[in-house]
Amino acid sequence: MDMLLSSPTFAFIQVLNSISLGMNLFIIAAGLSLIFGVLRVINFAHGVFYMFGAYIMYTVAQDLELGFVTGVIAAAAGLAVIAIVVERGLFQWLYDKEHLMQLLLTFAIVLIMGDLAKIIWGTDQLSVSYPDGLSGAVDLGVTFYPAYRMMLAVIGPVIFIGLFLLIERTRWGRLTRAATQDMEMLAALGVNVPVIYVTIFLIGSALAGVGGALAAPINSPTPGMDATIIVECFVIVIIGGLGSLWGTFVGALIYGFVFNFGSVIVPNWQDVFAFLLLMVVLLIRPWGLFGKPEREGH
Amino acid sequence: MPQLEVQSIHTSYGLSQVLFGISFDVEPGQVISLIGRNGVGKTTTMRSIIGLTPAKQGKIIFEGTDITNLAAYKISRLGVGFVPEERRIFPQLSVWENLDIARRASRDGKGWDEERVFALFPDLRDIQSRPGGVLSGGQQQMLTIARSLMNNPSLLLLDEPSEGLAPKVVEDLRDQIKLLKDSGLSIVLAEQNLSFVMYLSDKCHILEKGEVKFTGTPDDLRAKPEILEQYLTL
């Protein structure tokens, strides 16, 4: 706490850390929120998708030495393939069933993929190097800051703008928004709704993969990393409002700040602050800051 | 050859059967009406044709293709437009967005687009950016028909278009649907408003408990008030 008040540079670094963490989490949480917004599926397997992204990054960039960018692309492509298999093979049969069935299914995927990861990559903590050119620090005038974290802080808003334009400004985006409101009517207008569903699931899951790949140099790939991230993502999307892109963006930033400053003000209490915030939002505005109250009988 | 042939269809929602062998034909350019009280199976007949509640028995042939068990989006793409009773505007999409998502070029390239749709429903032009959810009943009805037209159908299923609208709005709507008929569009019209039906229809089918009980022209119906008495009064 004293450090924050006495050293503006220290406080400034904490601000950057908050943004960097928030933006890395945004990439992952945006996928979760997008999938819920359109498919109405709460995908608990999103965390394990993230973990697979990190492991794929390890294999491609570290093991096979094919480079960092290839690793990110491979993680996105790998998760896209997994998403198609999971959506077409499993989820598509559950859309008209109750939410509990979907939840149980996503839990099953968590367990299966979690064990699969242990079989493929073992249980050791793996380490992924920073990419060339981003392993050093950037001179910001007042202080130096790790280039890699700086890149995370930039890439999040880029993905946010990309998603925003896709959903709000393209015809495909209009179709997905229509699908969230009335998929039956959309089908009666000649739109092949299942194609929209699988595409959304693919994009959302690929975001988890990309998020995992980008997090790999900071959070070394290890079993159980999926459990931490899924909780963080849920806190973010509930604060921001499930299904809202703006909400996820703002929620991720808020989470980043609360987590970082919380750990500085009262060390080891960062999770407590995050959950306190979650409780306050749930009590005052249960549909989140940018969400809309659910209509009855959706 | 009829454009649409509905051949003795039986349709159920789960265990409850609603249609018990409905049959009728639509010739190109005709307006065919399904009339009857609430719950006699008019909407279910529409939903069976568009494929949202497929028939369990019987056959539906559209322009020579058996569409009985096709997915709704495929039936729509063949040229069947559906205007549901509840209108089902996408509430969070703007009027223009509601139209845009239904856009499909016509086969001859001379079909419906925004300009033609706005010429038919001028009120929609001024409210293009308004969210669908805040429109009045009349505006919603115009939009739901306009949206179907953007699909460039050759057959339109119109489910109770006049329901809940003010008399003046109903009159305008009737004239607009007449223009659609005159443009050569075939229409299956489910309606309870008899003057609306009589004005537009070439042939009427009276439904009762999921069956066709009477078929005739509007003149036949006028000549038999006892039929109307039996099946249409509450």
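## Exercises on a two-chain predicted model

Chain B has 10 helices and 10 strands, where helices (H or I, at least four residues) and strands (E, at least two) are DSSP runs numbered from the N terminus. This is a predicted model, in which local features need pLDDT of at least 70, side-chain atom pairs count only at pLDDT 80 or more, and totals for chains, interfaces and linings use all residues. Residues are numbered from 1 along each chain as its sequence is written, while chains are lettered from A and ligands numbered from 1 in the order in which they are written.

### Exercise 1: the build of chain B

Describe how compact chain B is and how it is divided into domains.

Step 1. Start with the radius of gyration, which is taken over C-alpha atoms; the globule rule is 2.2 Å times the number of residues to the power 0.38. For chain B the radius is 17 Å, close to the 17 Å that the rule gives for 234 residues, so chain B is as compact as a globular protein of that length.

Step 2. Look at the box: the C-alpha atoms of chain B fill roughly 45 × 35 × 35 Å along the principal axes.

Step 3. Now burial. A residue is buried if 20 or more other C-beta atoms lie within 10 Å of its own, exposed if 12 or fewer, and partly exposed in between, with C-beta atoms placed from the backbone. In chain B, 44% of the 234 residues count as buried.

Step 4. The C-alpha centres of the two domains lie 24 Å apart. Their contact takes 6 residues from domain 1 of chain B and 4 residues from domain 2 of chain B, two residues being in contact if their C-beta atoms, placed from the backbone, lie within 7 Å.

### Exercise 2: the two sheets of chain B

Work out the strand order of each open sheet in chain B, and find which strands stand at the edges.

Step 1. A reminder: strands of a sheet pair through backbone hydrogen bonds, either parallel or antiparallel. Here, two strands pair if DSSP finds at least two bridges between them.

Step 2. Take the sheet of 4 strands, with the order β2-β1-β4-β5 in chain B and antiparallel pairing. Its edges are β2 (16-26) and β5 (65-66) of chain B; each has a single partner strand, so one side of each is left without a neighbour in the sheet.

Step 3. Zoom in on one pair. Strands β1 (4-13) and β4 (57-62) of chain B run antiparallel, with 5 bridges between them. V6(B) faces I60(B), its opposite residue in β4(B).

Step 4. Move to the sheet of 6 strands, ordered β6-β7-β8-β3-β9-β10 in chain B, with mixed pairing. At its edges stand β6 and β10 of chain B, each with a single partner strand, so one side of each has no neighbour in the sheet. Within this sheet, β9(B) and β10(B) run antiparallel and are joined by 5 bridges; C204(B) has G216(B) in β10(B) as its bridge partner.

Step 5. α1 (residues 42-50) of chain B lies across β1, β2 and β4 of chain B, at about 70° to β2(B). Axes are lines fitted to C-alpha atoms, for helices over the stretch in contact, and angles run from 0 to 180 degrees between N-to-C directions.

### Exercise 3: two positive phi values

R88(B) and K209(B) each have a positive phi without being glycine. Where do they lie, and are they buried or exposed?

Step 1. R88(B), with phi of about 50°, sits in the loop between β6 (80-83) and α3 (95-100) of chain B. It is buried, with 20 other C-beta atoms within 10 Å.

Step 2. K209(B), with phi near 50°, lies in the loop between β9 (203-208) and β10 (211-216) of chain B. K209(B) is partly exposed, with 13 other C-beta atoms within 10 Å.

### Exercise 4: chain A and its interface

Characterise chain A and the side that touches chain B.

Step 1. Chain A has 12 helices and 2 strands, of which 46% of the 298 residues count as buried.

Step 2. At the interface, 15 residues of chain A are in contact with 20 residues of chain B. α7 (171-181) and α8 (183-188) of chain A each supply at least two residues of that side of chain A, and the largest share, 6 residues, comes from α7(A).

Step 3. Sort by class: this side of chain A has 7 nonpolar, 3 polar and 5 charged residues. Ala, Val, Leu, Ile, Met, Phe, Trp, Tyr, Cys and Pro count as nonpolar, Asp, Glu, Lys and Arg as charged, and the others, Gly among them, as polar.

Methods: Domains from an automatic or database assignment.
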